[in-house]
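Q: I have a structure open and would like to learn how to read it. Can we go through some features one by one?

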Amino acid sequence: MANNGENPSPDVGGKTVKLKADDGEIFEVEEAVAMELQTVKSFFDDDGVSYDTVVPLLNVSSTALAKVIQYCRRAVELRAKSGDDEGANEKAREEREGLEAELVREESDEGIKELILAANYLNIKDMLSFLCRAVGDRIKNKSVEYVRRFFVLENDFSPEEEERTRNEVAWAFEGVDAD
Amino acid sequence: MEFNDDEAPRVFVADDSLLQRKLQKRRLTELTPKEESQLKGRLSKLPKDLINEVGKRLINYVDYVRLRSTCKSLKSMLPNTPNHQLSQVPWLMLPHDNVSKTRFSFLNPLENKMYNFDIPEVKGMLLQGSLYGWILAVDGYPELCLINPFTRAQIQLPPLDTFLDVLRFDPNVPNKEYLISGKRSYLHNQKTHARGVAYFRKVFVRKVVLSTNPTSNEFTALAIYGEFEELAFCTSGDKKWTKLKVPRFGEDVLKENFMF
């Protein structure tokens with residue numbers, strides 16, 4: 001294991017998996033965490049693929065991958081904590097929600113979209129789900145134009161179509177937050 | 001990047017402290033509109049199916065409508081009436097002002113906001129809500145339908161004159177358009193008696209309950225009707241109401257006890 005000299009490398013007991021981001025940066029991750037990424041799991045499910053193989057994740061930036069790994073690691077820890085105990089489950093659920101909130105809180109709009117793309121590509125269902133909910137919160141009570149800018153959508157309605165759409169649901173266009 | 005391009009990428013053991021430092025160095029900042037237009041070509045564009053995933057998780061119907069209004073492809077991809085569970089908190093429908101008989105106010109408790117809009121289809125009708133977001137509009141004439149106040153779509157229910165007890169409807173007999181069967185002691189054993197459109201608008205159908213969202217292909221409607229609070233049902237597509245013989249019941253326990 002490489003030691004960059006700035007930090008002593010922790011004792012990574014047990015199997016690890018190497019994941020390579022789009023810029024070539026390699027992340028060595030505990031196997032249990034790596035398997036949270038269904039894309040990675042499928043990669044190794046194929047016969048004859050050794051666990052030493054570096055998994056190329058061409059569509060994921062190292063920034064996004066770092067965050068994904070951090071989230072999945074803590075999600076795995078939390079899942080280990082919950083069990084038959086109702087109280088423990090509840091606590092784990094709260095902690096997980098706190099973890100999700102923490103992840104999105106400081107994230108810019110671009111960052112959150114990048115995470116959605118990563119979570120989608122890596123096939124991490126729970127992560128994709130809460131990220132989409134978080135985006136929903138961000139466009140809550142925003143104008144149609146704001147939503148277009150957020151998703152980088154072109155208004156391809158003709159003036160007549162646009163007029164008709166607005167008339168059909170005129171009530172929905174009132175009282176939105178100022179852009 | 002932190003390392004020279006001609007070096008082999010370093011392998012970081014991805015423990016948290018290292019990751020934290022990476023995250024700090026590569027903070028993504030929010031774009032100002034100016035930066036946005038400069039970077040337009042490089043901004044992340046979610047494919048439509050992922051925007052759909054966002055749409056499916058919107059709690060507030062109004063946000064859903066606005067998302068749908070952004071562009072053509074989303075308008076066609078997101079169904080007009082969303083299939084997913086929007087917030088189950090019902091909107092409160094308030095009576096129209098006396099000036100316009102078709103203008104209604106809807107209070108969305110989630111936002112604590114009032115929306116006003118026109119539903120010309122229900123002019124002059126008596127309304128019942130709580131039908132999975134649809135409204136039952138009754139004007140006393142036989143035609144019965146459910147109206148979606150937001151899309152103004154309509155779903156037909158069997159007409160009022162298909163209830164078993166209703167023998168006929170004749171619009172040419174003012175105030176006695178309907179002929180109803182059955183003995184009523186106060187009518188001195190007449191076999192039938194007549195009622196007008198006004199009665200049918202205000203009183204005849206007391207309540208309708210649906211088994212599920214009427215947009216599904218198979219829903220059952222249950223109606224409490226008539227002077228003696230009798231029961232009838234129909235399934236989607238039925239041409240008439242079918243009377244049910246059940247022991248006496250109370251209106252409030254209706255939905256709980258009846259197994260659809």
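Q: Is Arg74(A) buried, partly exposed or exposed?
A: This is a predicted model, so every value here is computed from it. Arg74(A) is partly exposed, with a relative accessibility of 33%. Buried would need under 20%, and exposed over 50%.

Q: Which side chain does Arg74(A) meet in a salt bridge?
A: Start with the general idea. Side chains of opposite charge can pair when their charged atoms come close. Here the side chain of Arg74(A) meets that of Glu102(A), at 3.6 Å from N to O. Glu102(A) is partly exposed too, at 42% relative accessible area.

Q: What does the pair of Glu102(A) and Arg74(A) tie together?
A: Look at where each residue lies. Arg74(A) sits in helix H3 (residues 62-81) of chain A, and Glu102(A) in helix H4 (residues 86-105) of chain A. The pair therefore ties together parts that are 28 residues apart in sequence.

Q: How far apart are Arg93(A) and Glu90(A) along helix H4 of chain A?
A: First, the general point. An α-helix has 3.6 residues a turn, so residues three or four places apart point the same way. Now the case. Arg93(A) and Glu90(A) are three residues apart in helix H4 of chain A, so about one helical turn separates them. Their side chains meet in a salt bridge, at 2.7 Å from N to O. Arg93(A) is partly exposed at 35%. Glu90(A) is partly exposed at 33%.

Q: Which residues are linked with Arg93(A) in a network of salt bridges?
A: Glu90(A) and Glu97(A). Together with Arg93(A), they form a network of salt bridges.

Q: Which residue forms a salt bridge with Glu162(A)?
A: Arg148(A) does, and the closest N and O atoms are 3.6 Å apart. This pair links distant parts of the chain. Glu162(A) lies in helix H8 (residues 159-168) of chain A, while Arg148(A) lies in helix H7 of chain A, 14 residues apart.

Q: How many salt bridges does the whole structure have?
A: A search over all chains finds 22.

Q: How do I read the packing of two helices, such as H5(A) and H6(A)?
A: Take the angle and the distance between their axes. Helix H5 (residues 109-121) of chain A packs on helix H6 (residues 125-138) of chain A at about 155°, and the axes are 9 Å apart. An angle over 145 degrees counts as roughly antiparallel. H5(A) and H6(A) are therefore roughly antiparallel to each other. Their crossing is left-handed.

Q: Which residues meet where H5(A) and H6(A) touch?
A: From H5(A), they include Ile112(A), Leu115(A) and Ile116(A). From H6(A), they include Leu128(A), Leu131(A) and Val135(A). By class, the contact has 10 nonpolar, one polar and two charged residues.

Q: How many residues of helix H4 of chain B are buried?
A: Eight of the eight residues of this helix (residues 61-68) are buried, so H4(B) is largely enclosed by the rest of the structure. Among them are Tyr61(B), Asp63(B), Arg66(B) and Arg68(B).

Q: What do the buried residues of H4(B) pack against?
A: Their partners come from two chains. Chain A gives helix H7 (144-151). Chain B gives helix H3 (48-56), helix H5 (72-77), strand S3 (103-108) and strand S4 (113-118).

Q: What is the secondary structure of chain B?
A: Seven helices and 15 strands. Of its 260 residues, 39% count as buried.

Notes:
Residues numbered from 1 in each chain as written. Chains lettered and ligands numbered in written order. Predicted model: local features only at pLDDT ≥ 70, side-chain atom pairs only at ≥ 80, totals over all residues. Heavy atoms only, no water. Axes fitted to C-alpha atoms, helices over the stretch in contact; angles between N-to-C directions. Helix = DSSP H or I, 4+ residues; strand = E, 2+ residues; numbered from the N terminus. Parallel < 35°, antiparallel > 145°, perpendicular 65-115°, else oblique. Left-handed = near helix turned anticlockwise from the far one by under 90°. Contact = heavy atoms within 4.5 Å. Nonpolar A, V, L, I, M, F, W, Y, C, P; charged D, E, K, R; others polar. Buried < 20%, exposed > 50% of the residue type's maximum accessible area, 1.4 Å probe, protein only. Salt bridge = Lys/Arg side-chain N within 4 Å of Asp/Glu carboxyl O.
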